[in-house]
Amino acid sequence: MSSKSYIGISLVILVFGIIFIPKIIDRINNDDVVKNDRLNIARELPKSDELSYIELYGENKKVPDFQFVNQNGDTISNKDYLGKVYVVEFFFTTCPSICPIMNKNLVEVEKELGKNEDFGIVSISIDPAHDTPEVLKEYAENYEIDNPNWNFLTGDKEDIYTLANKGFGIFANADETVPGGFAHSGLFALIDREGYVRSRLDNYGNPIIYYKGSIERGVSVLEGEEEPQIDILIEDLKKLL
């Protein structure tokens with residue numbers, strides 16, 4: 001190839017760079033390319049996929065198998081909830097601190113969604129020695145709960161703690177130093193129809209993983225305090241339903 005050809009090609013590249021590269025840089029700086037890509041992806045996804053699949057141990061997290069006894073003496077397992085969208089909590093009936101708030105919040109959720117036969121709640125006691133089916137039944141009646149898809153469960157203590165701490169990664173343990181003698185996180189897990197744990201993303205694009213159930217719905221909070229998450233839980237339940 002002659003030196004004139006090299007010069008010609010170089011001129012073409014130079015002109016291209018002068019005209020187009022500043023425009024590309026400007027679009028990137030203004031985040032137009034990223035925004036357009038995100039908008040296209042968002043349009044293509046079904047509504048339920050606005051919620052993230054939670055990954056633990058490098059894979060999408062499904063609810064671990066469980067089987068316990070409910071307030072009516074019936075055996076209930078995770079398989080009974082396949083095809084339903086539901087919330088899982090760990091609590092105990094004599095809790096003097098966050099459990100009353102948690103279950104008051106879940107009553108609010110049930111009031112909004114309880115007429116949907118595909119919605120459910122699973123409340124698992126972390127004090128099974130005290131929380132027998134009879135105790136759980138009285139507890140449910142005190143909260144005026146009669147939804148057949150809301151089960152209060154009790155069973156083997158080790159199985160329950162393994163499910164909470166290793167299965168879900170939601171902390172629960174006996175602790176004599178805290179009021180009531182049991183420490184737990186007060187988080188709600190959101191489960192889809194196929195048994196996958198789901199959650200919305202935060203403002204930085206990260207999944208919140210679990211919903212804070214121990215902050216009363218509708219309360220005013222000061223700057224820097226944690227916000228109630230019951231309303232966003234209801235929104236996300238509706239998306240999956």
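Which residues are linked in a network of salt bridges? In this predicted model, the network comprises Glu108, Lys111, Glu112, Arg217, Asp231 and Lys238. The structure holds 12 salt bridges.

Arg217 takes part in two of the pairs described here. With Glu112, the closest N and O atoms are 2.7 Å apart. Asp231 is in helix α6, 14 residues from Arg217. Arg217 is partly exposed, at 24% relative accessible area. Glu112 is partly exposed at 40%, and Asp231 is partly exposed at 38%.

A further salt bridge joins Glu50 and Lys239, with the closest N and O atoms 3.5 Å apart. Glu50 sits in the loop between α2 (32-44) and β1 (52-53), whereas Lys239 belongs to helix α6 (residues 230-240). The two are 189 residues apart. Glu50 is partly exposed, with a relative accessible area of 43%. Lys239 is partly exposed at 27%.

Glu110, in helix α3 (residues 99-113), is buried yet has no salt bridge. The nearest side chain of opposite charge, Lys111, is 7.8 Å away. The Glu110 side chain instead makes a polar contact of 3.0 Å with that of Asn147. Beyond four places in sequence, Glu110 touches Phe119, Ile121, Asn147 and Trp150.

A search of the whole structure finds 0 disulfides. Cys95 is buried, at 7% relative accessible area. Cys99 is also buried, at 1%.

Key
Residues are numbered from 1 along each chain as its sequence is written. This is a predicted model: local features need pLDDT of at least 70, side-chain atom pairs count only at pLDDT 80 or more; totals for chains, interfaces and linings use all residues. Side-chain values use heavy atoms; hydrogens and water are left out. A disulfide is a pair of cysteine sulfur atoms within 2.5 Å. Buried means under 20% relative accessible area, exposed over 50%, partly exposed in between (1.4 Å probe, protein chains only). Helices (H or I, at least four residues) and strands (E, at least two) are DSSP runs, numbered from the N terminus. Lys and Arg count as positive and Asp and Glu as negative; His and the chain ends are not counted. A salt bridge is a side-chain nitrogen of Lys or Arg within 4 Å of a carboxyl oxygen of Asp or Glu. A polar contact is a pair of N or O atoms within 3.5 Å; within protein, one must be able to donate a hydrogen and the other to accept it, and residues adjacent in sequence count only if both atoms are side-chain atoms. Contact means heavy atoms within 4.5 Å.
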